[in-house]
Number of protein chains: 2
Amino acid sequence: MIISNFFIFVYNIGEIKLERNYYAKLIGRLKMQKRIFSGKFYLLSFNIILLSFLFCPLVGVAQTDPLPSWNDTSTKKYIIQFVQTVTNPGSDDYVEPEDRIATFDNDGNLWIEQPLYTQLAFAIDRIKAMSPEHPEWKDTEPYKSVLKGDYSKLDKNGLLEIISVTHSGMTTEEFELISSAWFKTSKHPRFKRSYSELIYKPMVELLEYLRANGFKTYIVSGGGIDFMRPVTEQLYGIPPEQVVGTSGVSKFEIRDGKPVLVKMPEIFFIDDNEGKPVGIHQFIGKRPIFASGNSDGDYEMLLWTTSGPGKRFGLLLHHDDAEREYAYDRKSHIGKLDKALDAASKNKWVVVSMKRDWKTVFPFEN
Amino acid sequence: MIISNFFIFVYNIGEIKLERNYYAKLIGRLKMQKRIFSGKFYLLSFNIILLSFLFCPLVGVAQTDPLPSWNDTSTKKYIIQFVQTVTNPGSDDYVEPEDRIATFDNDGNLWIEQPLYTQLAFAIDRIKAMSPEHPEWKDTEPYKSVLKGDYSKLDKNGLLEIISVTHSGMTTEEFELISSAWFKTSKHPRFKRSYSELIYKPMVELLEYLRANGFKTYIVSGGGIDFMRPVTEQLYGIPPEQVVGTSGVSKFEIRDGKPVLVKMPEIFFIDDNEGKPVGIHQFIGKRPIFASGNSDGDYEMLLWTTSGPGKRFGLLLHHDDAEREYAYDRKSHIGKLDKALDAASKNKWVVVSMKRDWKTVFPFEN
């Protein structure tokens with residue numbers, strides 16, 4: 001049995017990336033050991049690692065479920081089939097590792113976006129925190145309503161003002177401290193947990209599975225780049241340089257004899273709708289072969305991704321689980337999913353039903 | 001001797017990245033072998049690779065000169081000392097691999113920029129190639145002079161017009177084909193070689209040396225992002241997503257039922273001077289610990305890089321070798337180096353003399 005497993009492993013060329021993952025782990029362990037052991041023990045421990053490396057595949061890793069939080073529905077099969085095909089050097093649809101680009105929307109796709117976008121919840125909390133220094137806000141809209149907890153009157157201009165006031169005037173490094181601190185103290189109104197806990201476990205597994213198969217995973221979000229970057233590595237294993245998003249103008253200045261970048265109140269780039277393929281071109285310079293979104297704001301990114309040559313994967317997450325999360329689509333103000341849902345079957349995008357396809361929603365569930 | 005070399009290797013923690021390089025090579029070989037051998041021979045070849053991996057370090061790799069095209073001057077020593085320090089986990093100045101960001105200007109720093117910027121040489125060649133379709137150009141400036149080979153009258157507006165006409169109107173994919181083809185047929189007026197051969201060998205070695213030590217190497221250039229990206233992987237081992245540069249607006253459109261990105265004649269972002277730290281923040285989201293440039297356009301990037309906490313490296317390449325390349329600095333229209341040269345000693349930037357520090361300039365020299 002063990003031997004047959006080994007040969008399944010060897011023959012399954014699609015699994016070669018799993019081996020690469022072993023090397024990565026091996027390197028990590030080597031580095032650890034290098035700090036712990038002196039040179040005398042080094043050669044010995046090195047051999048032990050080599051041996052463990054040699055026997056690891058024998059104990060059935062090839063059979064481990066890479067997506068344990070996904071139910072065994074056709075969706076999961078499509079994902080695994082796609083990954084096995086594009087990583088199989090014998091396949092006509094083989095894709096070289098450097099072209100395995102996967103892009104993920106963030107709001108409502110990797111983290112929660114209801115009842116308010118996470119970044120808007122941050123901005124509102126900031127308005128409250130900043131209000132003692134702005135007594136005039138008590139009598140001025142949109143601040144007056146926001147301070148009372150009434151967000152129903154927030155129109156587009158009001159939103160822009162609140163985002164602008166809370167996201168500019170400071171240096172990029174100061175903003176990073178402010179937003180990182182907020183994630184630690186924030187509390188979602190329904191789940192009573194920090195927003196950093198309200199990420200979708202199945203999607204984190206999908207990101208890890210893709211990376212284990214040589215994909216480079218990117219966030220391509222309408223959300224603010226400076227707001228997401230300080231937390232994406234910890235939440236999703238995505239480093240700052242792989243986060244594409246909306247951004248304001250930054251200005252280089254010398255303050256107290258030191259260079260700083262100051263966040264200005266003007267928009268530099270809106271990474272939503274048509275902006276997503278543009279942002280992908282600007283920041284990545286390659287067309288993804290895998291894209292995942294959940295709203296009409298992702299329509300153009302999905303179209304751009306799946307209309308390229310060769311095998312492609314478009315994933316559309318449908319929030320249809322009011323019990324465990326939220327159910328919303330065509331008529332929602334946040335994360336409206338209408339045009340993209342209609343376009344899914346024509347473009348062969350896989351619609352993920354949160355209710356049917358996900359065993360677990362949030363990491364804290366088990 | 002062999003054994004002592006091995007222990008030097010083991011003890012020299014700074015060299016750990018060389019090992020990572022071995023893993024990368026090993027993976028490459030595994031993949032090759034996987035295609036060549038059937039499963040039956042796989043286990044055997046796998047063991048041979050493991051053995052060769054084990055003994056490779058014994059044959060003196062630790063003593064190989066990582067920068068063979070650099071003369072043994074203090075400059076080379078500073079570079080190696082810096083890399084050894086920041087990669088030594090026992091050092092107070094140790095930097096985690098994810099923060100080992102190195103940014104390189106391109107024009108005059110990685111490839112030639114005299115007597116005309118490479119991208120300008122491309123634009124002029126394009127004007128000539130496009131002229132049969134534009135008979136009116138024979139009588140209209142700046143085209144008239146350019147078609148006669150007289151570039152002396154090209155002022156800023158003329159330059160912008162020539163760049164705009166040759167860099168917009170087509171899709172991003174069409175432009176990639178045009179610019180890639182040009183590199184194959186282009187000829188430098190003095191060296192009579194393609195511009196893709198006129199890259200600096202010592203700098204390519206420096207990029208490789210940094211990467212072998214866990215650095216992520218980026219281009220941060222005033223040049224056009226779409227012009228550089230199709231060739232940077234082949235020339236420098238830098239993939240498209242690690243190229244930051246100046247760019248025009250791209251527009252998402254549906255043409256013949258397919259989505260395309262069309263290059264528009266408007267500027268989106270100028271990645272020069274103050275734009276370089278801004279571009280670094282936008283695209284990378286981290287402050288580099290190593291930056292290399294050769295002109296006043298790199299002053300702000302060098303300042304931004306070297307004013308961060310911890311050990312930093314600023315490199316300023318001085319073109320002082322008229323015999324092998326060109327000698328120019330304070331009064332040059334292209335690659336003017338004045339303010340940054342004056343600021344070098346105060347900021348402890350290492351000024352590289354092409355004449356004194358480089359054994360070889362171009363790859364074709366040996």
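The dialogue below takes up some terms in turn.

Mentor: Keep in mind that this is a predicted model. Chain A has 14 helices and seven strands, and buried residues make up 39% of its 366 residues.

Trainee: What makes Trp70(A) count as buried?

Mentor: The cut-off is 20 or more other C-beta atoms within 10 Å. Trp70(A) has 24 C-beta neighbours inside 10 Å, so Trp70(A) counts as buried.

Trainee: Where is Trp70(A) found, and which residues does Trp70(A) touch?

Mentor: Trp70(A) sits in the loop between α3 (39-55) and α4 (74-86) of chain A. Leaving aside residues up to four places away in sequence, Trp70(A) touches Lys76(A), Pro202(A), Asp357(A), Trp358(A) and Lys359(A).

Trainee: How far apart are Trp70(A) and Glu323(A) in sequence and in space?

Mentor: They are 253 residues apart in sequence, and their C-alpha atoms are 17 Å apart in space. For chain A as a whole, take the contacts with a separation of 6 or more: 66% of them join residues 24 or more positions apart.

Trainee: Why is helix α12 (residues 299-306) of chain A called mostly covered?

Mentor: Eight of the eight residues of α12(A) are buried. They are Tyr299(A), Glu300(A), Met301(A), Leu302(A), Leu303(A), Trp304(A), Thr305(A) and Thr306(A).

Trainee: How many residues of α11(A) are buried?

Mentor: Nine of its nine residues are buried, and α11(A) is likewise described as mostly covered. Among the buried residues of α11(A) are Gly275(A), Lys276(A), Pro277(A), His281(A) and Phe283(A). After α11(A) comes Gly285(A), with a positive phi near 75 degrees.

Trainee: What makes α8(B) oblique to α10(B)?

Mentor: Helix α8 (residues 172-185) of chain B packs against helix α10 (residues 225-236) of chain B at about 60 degrees, with the axes 9 Å apart. The crossing of α8(B) past α10(B) is right-handed. Thr172(B), Phe175(B), Glu176(B), Ser179(B), Ser180(B) and Phe183(B) of α8(B) make the contact with Asp226(B), Phe227(B), Pro230(B) and Val231(B) of α10(B). These divide into five nonpolar, three polar and two charged residues.

Trainee: What makes β4 and β7 of chain A stand at the edges?

Mentor: Look at the strand order. Chain A has an open sheet of seven strands in the order β4-β3-β2-β1-β5-β6-β7, with mixed pairing. β4 (258-269) and β7 (350-353) of chain A each have a single partner strand, so one side of each lacks a neighbour in the sheet. Direction ignored, neighbouring strands of this sheet are turned by 30 degrees against each other on average.

Trainee: How do you know that β1 and β5 of chain A pair?

Mentor: Pairing needs at least two bridges. Strand β1 (residues 101-104) and strand β5 (residues 290-293) of chain A are joined by three bridges and run parallel, so β1 and β5 of chain A pair. One of the partners is Ala291(A) in β5(A), which bridges to Thr103(A).

Trainee: In what sense do β1 and β5 of chain B pair?

Mentor: Strand β1 (residues 101-104) and strand β5 (residues 290-293) of chain B pair in the parallel sense, over three bridges. In that pairing, Phe104(B) stands opposite Ser292(B) of β5(B). Helix α12 (residues 299-306) of chain B packs on the sheet and touches β1, β2 (216-224), β5 and β6 (313-318) of chain B, and its direction makes about 165 degrees with that of β5(B).

Key
Residues numbered from 1 in each chain as written. Chains lettered and ligands numbered in written order. Predicted model: local features only at pLDDT ≥ 70, side-chain atom pairs only at ≥ 80, totals over all residues. Buried ≥ 20, exposed ≤ 12 C-beta atoms within 10 Å, placed from the backbone. Helix = DSSP H or I, 4+ residues; strand = E, 2+ residues; numbered from the N terminus. Axes fitted to C-alpha atoms, helices over the stretch in contact; angles between N-to-C directions. Left-handed = near helix turned anticlockwise from the far one by under 90°. Contact = placed C-beta atoms within 7 Å. Nonpolar A, V, L, I, M, F, W, Y, C, P; charged D, E, K, R; others polar.
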